[in-house]
Amino acid sequence: MTHEYEPSTAGLGLTAVVGLLGAVSTLLAGVWLGLLGVGLAGSGVYRGSRRVLGVGVVVLFGSVVVAGLLSVPAIVLVPAMVGTVLAWDVGENAITVGEQFPAAADTWRGEVLHATVSAIVVTLFAVGAFAVYTVSTGGYPLAAVALAVVGALVVLVGLGR
Amino acid sequence: MSESLFDEASVGPDDESAPRAERDDSSGVRNEAAAASTTDSRVATRPVLALLTGAAFCLLGLVVGVGTLSGSSPILEMFVVPTIGIVAVIFGLGWLSDQFDGAGGGADLPAVERIETVIPGADIDETLAAERASRAPYSERTAVRKRLRQVVVAALGKAGHDPDRAESLLAEEEWTEDPRAASFFTISGETTARSARILRRVRARIRRLLGRDSPFGRDARYTIDAAADLVGVSDREWTDPDDPDALAEAVAGNRRTRDLQLGVVATKRVRLVGGLVLLAVGIGIALQQPSLLLAGAVGTGILAHRYAGGVPEPDLHVTRAVETDDPEPGEPVTVTVTVENEGESTLFDLRLIDGVPPTLTVVDGSPRRYTGLRPGARETISYDVAVESGQHAFDPLGVVARSASGAVERALTVEVDGDTTVTCETPPTPDVERPVSATVDRTVGSIVTDTGGAGIEFHSVREYRSGDPLRRIDWRRLANGGDLATRQFSVERSTTVVLVVDTRSEAFVAAGPDAPTAVDRSVHAAASIVRTLLYSNDRVGLATIGPHRCWVEPRGGARQWPLLREALATDEAFVYPTGDERFLRLSTLHWLETRVPDDAQLVFFTPLADDGGLQIARGLQARGYPISVVSPRPTGTESPGRLVAHLERNLRLSRLRQCGLWVADWEPDEPLGAAFDRTERRRGR
């Protein structure tokens with residue numbers, strides 16, 4: 001790093017917004033853990049620590065898993081996961097911005113653009129996955145769906161990290 | 001049915017072989033082409049891979065939709081499925097821990113806002129800091145030990161020991177009373193048994209695990225402390241060798257867009273999401289929660305997005321405009337950079353940084369911008385720099401372009417149309433507040449004015465001859481009963497002086513991160529001396545010793561000052577060399593010898609931060625020129641590393657003084673005249 005870390009205001013705000021999207025969704029299922037995750041993620045971006053941000057996102061994800069184990073409806077779980085994934089994507093980007101740009105630099109446009117593109121992609125995937133899910137839960141055993149998803153994942157893993 | 005299942009599962013490995021083949025191809029390319037282009041070609045195959053991913057998804061969706069998997073076997077339910085889930089969880093945790101290990105950041109943008117400075121001794125501080133953090137590389141530790149050894153040997157030499165005696169003092173660990181410092185140079189392969197060395201290494205590792213100080217770092221600090229005592233530098237700011245954290249903040253990092261690490265890099269930022277996806281799927285499978293599988297599928301969006309878009313190929317047109325043509329020194333000048341996307345594709349993620357001249361400081365705004373550009377769109381960056389006298393060259397614009405997902409980034413520099421330099425021609429203000437002739441004589445005149453006659457400074461006494469002026473008769477001698485004698489004074493003769501400035505890259509050093517470089521200070525000093533010399537009708541010339549050669553013929557008179565001023569303000573020799581030019585000492589000295597008139601005196605400006613300055617001064621002296629050295633001090637005593645550089649420079653100064661040279665050690669924040677006074681007093685003693 002070539003200068004002091006200065007947190008980017010836009011990045012901090014965007015991370016909080018998408019994190020809260022996730023946290024509020026799990027809150028609907030009665031899981032409060034998500035709010036702690038958002039707080040940690042925010043402080044990670046503020047301090048420029050990927051580790052703290054990562055812990056926050058994992059905590060947020062934990063709230064999603066807990067909500068999933070409580071068998072909440074999928075329509076709640078999907079926005080929660082969207083928020084979790086975006087919190088990392090936007091938050092990590094905000095940290096690189098904080099490392100590379102002083103507060104005097106104009107980074108607003110770039111950060112909003114990045115967050116928008118990511119949000120669109122993730123939302124499209126979420127909608128697609130939700131559609132497949134509603135169709136496929138019509139009586140197919142879990143094993144079939146599980147293997148299908150794992151097959152797809154193996155492809156992704158095979159593509160290289 | 002279960003066969004078909006495993007067939008489906010094996011889609012993965014089959015497909016996996018495709019990218020493997022791609023990699024093999026590209027590693028074949030690696031042998032022929034540069035590494036950068038290999039990364040290029042590998043990353044460029046990403047869109048193809050994304051297509052494969054999509055195909056795999058479709059196939060699996062089809063399988064699920066057609067329902068070949070309907071019905072179930074108990075073995076599958078009981079063992080295989082949970083096992084797959086657990087394996088997925090394990091992989092997921094692995095990916096998560098990967099993310100927590102690495103920094104995962106993108107390119108380091110250079111710190112162009114600040115003046116580029118090299119601080120003597122900062123490298124030693126860096127080595128000691130690295131040693132404190134983990135373990136510095138062997139080569140660096142050896143280099144530190146070697147430098148300290150040279151300092152100690154030279155200091156012992158200065159203290160009157162001959163080289164053999166100094167070596168034996170080092171070998172017998174008797175050069176200082178401090179045991180840690182004394183043994184610093186004797187720990188080496190020859191003198192210690194192998195087992196003892198291994199034992200020491202193990203002990204050092206355990207100490208470090210416990211968060212304790214490393215033996216090397218501690219001994220090095222004590223050695224520096226002892227060496228400072230030996231050289232006689234008692235007034236130092238860094239005094240506690242026992243404290244391992246008292247290292248000055250190393251001013252590392254590059255400061256020019258030219259230093260940007262060019263090429264294509266894949267960032268690691270999606271690993272955490274990959275880990276989360278595997279965890280969600282694994283837990284969902286193991287605990288039979290389909291909604292968690294759905295959550296995992298949501299996360300694959302980020303993973304797949306990574307492969308879409310490919311590597312950005314920015315095609316940018318950049319123009320730069322500097323507000324004023326002829327700024328006053330210290331005045332803020334607005335620089336405006338316009339960047340236009342001339343390519344066909346949208347650039348989603350552009351991190352721009354203008355190549356601010358390494359000699360200028362940004363005072364308002366920022367030369368950086370984070371943005372995205374549609375084809376044809378343009379972005380304007382403007383910022384203010386404080387201009388100092390001299391010519392300042394801008395570097396190209398630095399660009400880091402990331403793909404929309406941020407997974408791949410390309411760093412490049414773009415040449416800029418429009419203004420590439422800013423020049424400030426105002427003369428540096430003289431800061432020598434002394435009678436003109438005295439300064440001249442004391443600086444350079446000790447040899448040429450060695451003729452008795454009329455003048456100011458006392459020269460000698462000779463027998464009275466009729467016709468001598470009454471006021472020069474030595475009345476005191478007559479009163480004491482002596483003969484009639486005439487006092488003679490040094491004749492002041494107009495002299496030829498050539499100011500020689502050390503502009504090698506090694507001379508661009510400064511006492512602190514924002515301090516002026518030694519070359520800047522030399523130029524200021526040269527300018528003030530020029531004015532006083534010209535005022536007293538001397539002939540003055542200018543030369544530089546560095547990769548760029550600058551020469552102004554020595555002349556007197558009113559027309560010489562504008563010439564010299566222009567050379568000092570605008571000659572490219574005084575600009576930090578970009579590194580392409582080579583400096584050859586002997587041929588440069590020879591070049592200088594062919595130009596400097598035989599009766600000229602030289603004033604040599606050098607920071608003496610390396611042995612090169614010393615060798616040049618000695619080389620000029622050996623060619624028979626009367627030479628004085630003015631040395632702007634770039635070293636301090638704030639940290640162990642800087643103290644080492646300070647000791648080395650002190651030893652060089654005393655070496656030059658031993659050789660009979662007049663050497664002024666000019667401290668920062670000190671008027672030049674005060675440094676000259678100090679030097680005179682030292683000589684008088």
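Let us begin with D669(B), which sits in the loop between β20 (662-666) and α21 (672-684) of chain B. Please bear in mind throughout that this is a predicted model. The phi angle of D669(B) is positive, near 60 degrees, although the residue is not glycine. Most residues other than glycine have a negative phi. Is D669(B) buried or exposed? Its relative accessibility is 84%, so D669(B) counts as exposed.

A second residue of chain B belongs in this discussion. E173(B), likewise not a glycine, has a positive phi of about 55 degrees. The loop that holds E173(B) runs between α8 (163-171) and α9 (179-182) of chain B. Because its relative accessibility is 35%, E173(B) counts as partly exposed.

I now turn to chain A. This chain contains 6 helices and 0 strands. Of its 161 residues, 58% count as buried. Among contacts in chain A with a separation of 6 or more, 74% are between residues 24 or more positions apart. Chain A exposes about 6,100 Å², and 73% of that area is supplied by carbon and sulfur atoms.

Which residues form the nonpolar patch on the surface? They are L20(A), V24(A), L28(A), W32(A) and L35(A), with about 530 Å² of accessible area together. Helix α1 (residues 9-28) of chain A provides the largest share of the patch, 3 residues. W32(A), by contrast, is located in the loop between α1 and α2 (33-47). With 63% relative accessibility, W32(A) counts as exposed.

Thank you for your attention.

Note on methods:
Residues are numbered from 1 along each chain as its sequence is written. Chains are lettered from A and ligands numbered from 1 in the order in which they are written. This is a predicted model: local features need pLDDT of at least 70, side-chain atom pairs count only at pLDDT 80 or more; totals for chains, interfaces and linings use all residues. Side-chain values use heavy atoms; hydrogens and water are left out. Helices (H or I, at least four residues) and strands (E, at least two) are DSSP runs, numbered from the N terminus. Buried means under 20% relative accessible area, exposed over 50%, partly exposed in between (1.4 Å probe, protein chains only). Contact means heavy atoms within 4.5 Å. Accessible areas come from the Shrake-Rupley method with a 1.4 Å probe; for residues, only the protein chains shown count as cover. Patches are made of residues with over 30% relative accessible area and no salt bridge: like charges are joined within 9 Å, nonpolar side chains (Val, Leu, Ile, Met, Phe, Trp, Tyr) within 5 Å. A salt bridge is a side-chain nitrogen of Lys or Arg within 4 Å of a carboxyl oxygen of Asp or Glu.
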